[in-house]
Amino acid sequence: MRRLYVPLGLLVLLAVLCTVHTVYLDHFTGELSDLLSQAQERVEREDWEEADRLTRQAKEIWVEHEGYLHTTLRHADIDAILISFDEALAFLRAGERQSAEYAAVNARLITQIGLLLESELPSLTNLL
């Protein structure tokens, strides 16, 4: 019976760590999505400088957490999101202000960030 305590303890520890990771990722992705949504609202109001600041802020938060993200998530997903951040910033800094193109890139970026959390949730789809 004692042989079962260590494996059971490890299983419980893994379950707790997975739960903590999922809760943290939910908070993290929600924060980024909120900043990007605010940036989109600024673009709709023609406040391109504030949209640029908010998008840069979201990217800086992303970059600050890259060590954690690379440890816990797929590298291809992380790299794709970083490329989308750069693309969104390029639209904001371009001389010709095209809100429709920025909206498309920003929407894709928000979707990619949301899919990170969805891929980590314990669901039948993710288990199979």
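Is Asp77 buried, partly exposed or exposed? Asp77 counts as partly exposed, at 27% relative accessibility. That value falls between the 20% limit for buried and the 50% limit for exposed. The model is predicted. Its secondary structure consists of six helices and zero strands. The radius of gyration is 18 Å, well over the 14 Å that the globule rule gives for 128 residues, so the protein is more spread out than a compact globule.

**Overall form**

- From the N terminus on, the order of elements is α-α-α-α-α-α.
- The C-alpha trace spans about 70 × 25 × 20 Å along the principal axes of the protein.
- Of the 128 residues, 29% count as buried.
- Among contacts with a separation of 6 or more, 68% come from residues 24 or more positions apart.

**Surface and charge**

- The protein exposes about 8100 Å². Carbon and sulfur atoms supply 61% of that area.
- There are 11 positive and 21 negative charges.

**Salt bridges**

- Side chains of opposite charge can pair when their charged atoms come close.
- The structure holds six salt bridges.
- Glu50 and Arg53 form one of them, at 2.6 Å from N to O. Both residues sit in helix α2 (residues 48–64). They are three residues apart, so about one helical turn separates them. Arg53 is partly exposed, with a relative accessibility of 37%.
- Lys59 and Asp86 form another, with their closest N and O atoms 2.4 Å apart. This pair links distant parts of the chain: Lys59 belongs to helix α2 and Asp86 to helix α4 (residues 75–93), 27 residues apart. Asp86 is partly exposed, at 37% relative accessibility.
- Asp77 pairs with Arg74 in a salt bridge of 3.8 Å, N to O. The cut-off for a salt bridge is 4 Å, so this pair qualifies. Asp77 is partly exposed, whereas Arg74 is exposed, with a relative accessible area of 56%.

**A buried charge without a partner**

- Glu66 lies in helix α3 (residues 66–72).
- Glu66 is buried, yet it has no salt bridge.
- Why does Glu66 have no salt bridge? The nearest side chain of opposite charge, Lys59, is 8.2 Å away. A salt bridge needs the atoms to be within 4 Å, so Lys59 does not qualify as a partner for Glu66.
- Lys59 instead has a salt bridge with Asp86.
- Beyond its neighbours within four places in sequence, Glu66 is in contact with Ile78 and Leu82.

- Leu54 is part of helix α2. Its relative accessible area is 3%, so Leu54 counts as buried.
- Which residues does Leu54 touch, not counting those up to four places away in sequence? They are Leu35, Gln38, Ala39 and Arg42.
- Leu54 and Tyr5 are 49 residues apart along the chain. Their C-alpha atoms are separated by 49 Å.
- Gln40 has its place in helix α1 (residues 5–44). Gln40 counts as buried, at 13% relative accessibility.
- Not counting residues up to four places away in sequence, Gln40 touches Tyr102, Ala103 and Asn106.

- Ser119 is in helix α5 (residues 99–120).
- Ser119 counts as partly exposed, at 36% relative accessibility.
- How far apart in space are Ser119 and Arg74, C-alpha to C-alpha? The distance is 10.0 Å, and the two are 45 residues apart in sequence.
- Arg74 is the exposed residue that meets Asp77 in a salt bridge.

Methods: Residues numbered from 1 in each chain as written. Predicted model: local features only at pLDDT ≥ 70, side-chain atom pairs only at ≥ 80, totals over all residues. Heavy atoms only, no water. Helix = DSSP H or I, 4+ residues; strand = E, 2+ residues; numbered from the N terminus. Rg over C-alpha atoms; globule rule 2.2 N^0.38 Å. Buried < 20%, exposed > 50% of the residue type's maximum accessible area, 1.4 Å probe, protein only. Contact = heavy atoms within 4.5 Å. Areas by Shrake-Rupley, 256 points an atom, 1.4 Å probe, with all protein chains shown as cover. Lys, Arg positive; Asp, Glu negative; His and termini not counted. Charge placed at Lys NZ, Arg CZ, Asp CG, Glu CD.
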